[in-house]
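Here is a short tour for anyone who likes to look at packing and ring geometry. Have the model open beside you as you read.

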Amino acid sequence: MDDNHLGDFLRARRAGLQPEDVGMASYGTRRVAGLRREEVAVLAGVNADYYTRLEQGRERNPSSQVLDALSRALRLDADARAHLYRLAGVAPDDRTSVHAVEQVSPALRQLMDGYPNTPAFVMNRTLDLLAANALADALYAPFGPADNLARMTFLDPAGRHFYADWDRAAQATVANLRAAAGFAPDNPRLRELVRTLTEHSADFTRLWNAHTVRGKSQDAKHLHHPDVGPLTLTYQAFDVRDAPGQQLVIYHAEPGTPSAQSLHLLGSLHATQRRHEARPYTP
């Protein structure tokens with residue numbers, strides 16, 4: 001049984017491209033569809049014989065630099081590029097996507113707004129809040145502004161009262177930032193944020209120097225909102241596939257619990273406040 005999956009993939013993607021697709025002139029009669037091996041090698045900046053060995057399965061250990069060059073040469077999208085890395089048995093090199101997309105798509109905003117009874121927001125790797133639905137705005141209303149979860153936790157006076165278990169929330173926040181540093185240690189936004197937090201919070205500095213790393217996936221949060229009191233919420237975090245670096249975070253209260261009732265009340269209060277603010281002034 002042929003197990004040259006890497007070579008099969010390269011051949012198929014090469015066959016799907018024409019010279020004009022990659023800005024190359026076409027010369028001579030082409031006996032097979034798509035680009036020639038030599039043309040792919042030129043586009044990728046690798047030796048033609050080496051590329052041939054890759055397709056034939058005689059070379060099975062390409063470096064991440066070669067795989068990245070082949071991804072560009074074959075015009076692979078993010079999913080196809082990750083697949084190429086997996087076929088080669090190499091961990092994906094994320095350096096080409098370390099800069100998070102800062103714009104939240106209209107479709108994702110509509111999705112969040114479609115869940116009026118559930119706080120939902122989108123953040124990037126440095127924990128900047130990029131978009132939120134109405135109930136998430138209400139949940140984070142005690143902060144001014146609700147712009148970055150790390151800044152809110154360590155530098156906003158509301159943070160220590162809002163997070164009922166502040167120590168645990170602080171540890172998780174710093175561990176999330178440490179994970180972001182693994183993707184892009186020289187990210188200017190990350191460096192600026194860490195510098196500001198280090199200058200103004202001894203607690204952040206202590207936790208940052210511990211080098212604990214943890215991504216955001218799911219957990220429980222014990223919160224105290226000044227308008228509705230204690231809230232116990234769980235959350236799930238989902239990677240946004242078409243916007244590397246973004247995560248959609250959705251909070252949830254167990255149905256029938258006091259937290260569910262409080263969350264519903266919070267939404268009602270926030271909606272009433274927004275209607276009042278939108279009402280035109282009549283002397």
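What follows covers a helix, some strands and the aromatic contacts.

Keep in mind that this is a predicted model. Let's begin with helix 4 (residues 64–73): eight of its 10 residues are buried, so helix 4 is largely enclosed by the rest of the structure. Among the buried residues are Val 66, Leu 67 and Leu 70, along with Asp 68. The cover over them includes helix 1, helix 2, helix 3 and helix 5. After helix 4 comes Arg 75, with a positive phi near 55°.

Now to the strands. Strand 3 (residues 218–225) pairs with strand 4 (residues 229–239) in the antiparallel sense over eight bridges, and the two form a hairpin with three residues between them. In this pairing Lys 221 stands opposite Leu 233. Strand 4 also pairs with strand 5 (residues 247–252), again antiparallel, over six bridges; here Ala 237 is opposite Val 249.

How many aromatic pairs does a search of the whole structure find? There are 11 aromatic pairs. One of them joins Phe 121 and Tyr 140 edge-to-face, with 5.7 Å centre to centre and 70° between the planes. Phe 121 lies in strand 1 and Tyr 140 in the loop between helix 7 and helix 8, so the pair ties together parts 19 residues apart in sequence. Both Phe 121 and Tyr 140 are buried.

| Charged end | Ring | Distance from ring centre |
|---|---|---|
| Arg 160 | Trp 166 | 3.7 Å |
| Arg 178 | Trp 208 | 3.6 Å |

How values were computed:
Residues are numbered from 1 along each chain as its sequence is written. This is a predicted model: local features need pLDDT of at least 70, side-chain atom pairs count only at pLDDT 80 or more; totals for chains, interfaces and linings use all residues. Side-chain values use heavy atoms; hydrogens and water are left out. Two strands pair if DSSP finds at least two bridges between them. Helices (H or I, at least four residues) and strands (E, at least two) are DSSP runs, numbered from the N terminus. Buried means under 20% relative accessible area, exposed over 50%, partly exposed in between (1.4 Å probe, protein chains only). Contact means heavy atoms within 4.5 Å. Rings of Phe, Tyr and Trp (its six-membered ring) pair if their centres lie within 6.5 Å; planes under 30 degrees apart count as stacked, over 60 as edge-to-face and the rest as tilted. A charge sits over a ring if NZ of Lys or CZ of Arg is within 6 Å of the ring centre and within 35 degrees of the ring normal.
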